[in-house]
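Please read these notes with the structure open beside you. They are numbered so that each point can be checked in turn.

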Amino acid sequence: MPGNTASFSRAEWGLIVVIVLVAISLRPGIVSIGPALPAIINTFQLSHAMASMMTAIPDVLMGALALPTPWLVRRFGVNRVLMLALSILSVAMIVRAYASNSTVLMTATVGVGAGIAVAGAMFAGIAKASFANHAAFIMGVYATALSLGSTLSAGFTGWILQSAGWRLATGVWAIFGLIAIVAWWLVIRKSVTTRQLSAAPSMTAIPRSRLPLRTPVAWLIALFFACINFLFYSILTWTASMYQERGMSAAEAGAVLASFTFCFMLASPIVGMYSRHIDRRGWLAGCALLSTIGLVGIATPGESPWLWVPLAAFGLGGAFTLAMTLPLDHTHSPDGANRWNAFVLTVGYLIAATGPFIMGWMRDISGHFTGAYQLLVVVSLLMLVLATKLKPPVH
């Protein structure tokens, strides 16, 4: 944990609490869909490929909106853009939960994805503008809170679904967004730090230099990040459905999914703490190997999900943390880091968005998920190969 956190002022601690509340609200709109998908498919008579759009669309938007979000912040200010993003997210989650037909369902999903994408793309800048000497700590808090929101929604959606149906089970999580809106508004009124955010040029400026399109290692990092998120969002989308097809209740399948998000969250600080050498290939390969072993177990019917799902999650969580660190290893300035991060996020999420769709399509063709999870094993092996190619920078 870098820096002395005791040096934070009361206003800064208030802002940290609100950042946590906002982060918690940014994943249930995606994660809660996993345990509810069988019921949603039955309600609207969707194919699995079409149903996959409920997580693929937010993935696409997280990639597509990574680059224009800084312009929105510069044009309208941090507070307005964040409030609008959280409002769209919350309203869209409620509309989606009570959609009368598949058109409304998918249109509302676009709103959910847009709200998550824009709000999420702002937080590296918020950390840099408000906590210049503690940015790494703040981003660690933010990432942990994201995973906490994922774990809560994964663990409780199935239980709520069994008790009250899928509409309440997916719509209830909009309350996190509403709480975040109120909390941020209170901080805006009381915190000088927050009121100054919109004026921070380091946050709102769009990098003037070009993206690293001609840098081979940037493409390798982007592809590695794409593999991680291809696996992550595919597992989030279809694991609960697969185990329900294998005979689990919705509540138990949701608990298995919660074990995935919890172990993903657990791995991030552990791997980040011990991977200190700039040559991270050993750690990258080790995480990819854990992911591969876990996915082999998941793809084998009859094997224990309580062993293989957490194992795959720990590997992916560690790999995710390292992948987010790699652009910083290869750049020397905030401007360069912003360029590389935007490039990696855009390429990574756009490729990752195909994962849930391809798995849903394979389920439609075969009638089971075995082949789809075997595909994930192949992607994880590709991640292992890429890990060996990610040489450290030569300074």
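1. Start at Gln45, which counts as exposed at 63% relative accessibility. The model is a predicted one, and this holds for every point below. Gln45 sits in the loop between α3 (33-44) and α4 (48-51). Its phi is near 55 degrees, a positive value in a residue other than glycine.

2. Compare Ala97, which is found in helix α7. Is Ala97 buried or exposed? Ala97 has a relative accessible area of 0%, and buried means under 20%, so Ala97 counts as buried. Ala97 and Ile40 are 57 residues apart in sequence, yet 9.7 Å separates their C-alpha atoms in space.

3. Next, the nonpolar core. The largest one holds 125 residues, and Trp184, Phe224 and Tyr373 touch the most other members. Helix α15 (residues 216-245) provides the largest share of this core, 18 residues. The helix is mostly covered, with 24 of its 30 residues buried.

4. The geometry of α15 can be checked separately. Its 30 residues reach 42 Å from first C-alpha to last, close to the 44 Å expected at 1.5 Å a residue. Where does α15 bend? The bend is at Trp238, by about 40 degrees. Just after the helix, Gly247 takes a positive phi of about 110 degrees.

5. The buried residues in α20 are Gly355, Pro356, Met359, Gly360 and Arg363. Why can these be said to line one face of the helix? Seen down the axis of α20, the buried residues fall within an arc of 130 degrees, so they line one face. After α20 comes Gly367, with a positive phi near 85 degrees.

6. Rolling a probe the size of a water molecule over the atoms shows where empty space is left. How many cavities of 30 Å³ or more does a search of the whole structure find? The search finds one. The largest cavity has a volume of about 50 Å³. Its lining is made of 13 residues; Leu326, His330, Leu390, Lys391 and Pro392 lie nearest its centre. Helix α15 returns here: α15 and α17 (281-299) each supply at least two residues of the lining of the largest cavity.

7. Gln45 is exposed, whereas Ala97 is buried.

Methods:
Residues are numbered from 1 along each chain as its sequence is written. This is a predicted model: local features need pLDDT of at least 70, side-chain atom pairs count only at pLDDT 80 or more; totals for chains, interfaces and linings use all residues. Side-chain values use heavy atoms; hydrogens and water are left out. A nonpolar core is a set of buried Ala, Val, Leu, Ile, Met, Phe, Trp, Tyr and Cys residues joined through side-chain atoms within 4.5 Å. Buried means under 20% relative accessible area, exposed over 50%, partly exposed in between (1.4 Å probe, protein chains only). Helices (H or I, at least four residues) and strands (E, at least two) are DSSP runs, numbered from the N terminus. The expected span of a helix is 1.5 Å times one less than its number of residues. The bend at a residue is the angle between axes fitted to the seven residues ending there and the seven starting there. The arc is that of the directions from the helix axis to the C-beta atoms. On a 1 Å grid over the protein atoms alone, a cavity is a set of points where a 1.4 Å probe fits but cannot get out, and a pocket is an open set with protein on both sides within 12 Å along at least five of seven lines; lining residues have an atom within 4 Å of a point. Grid points are joined across faces, edges and corners, and a volume is the space filled by probe spheres set on the points.
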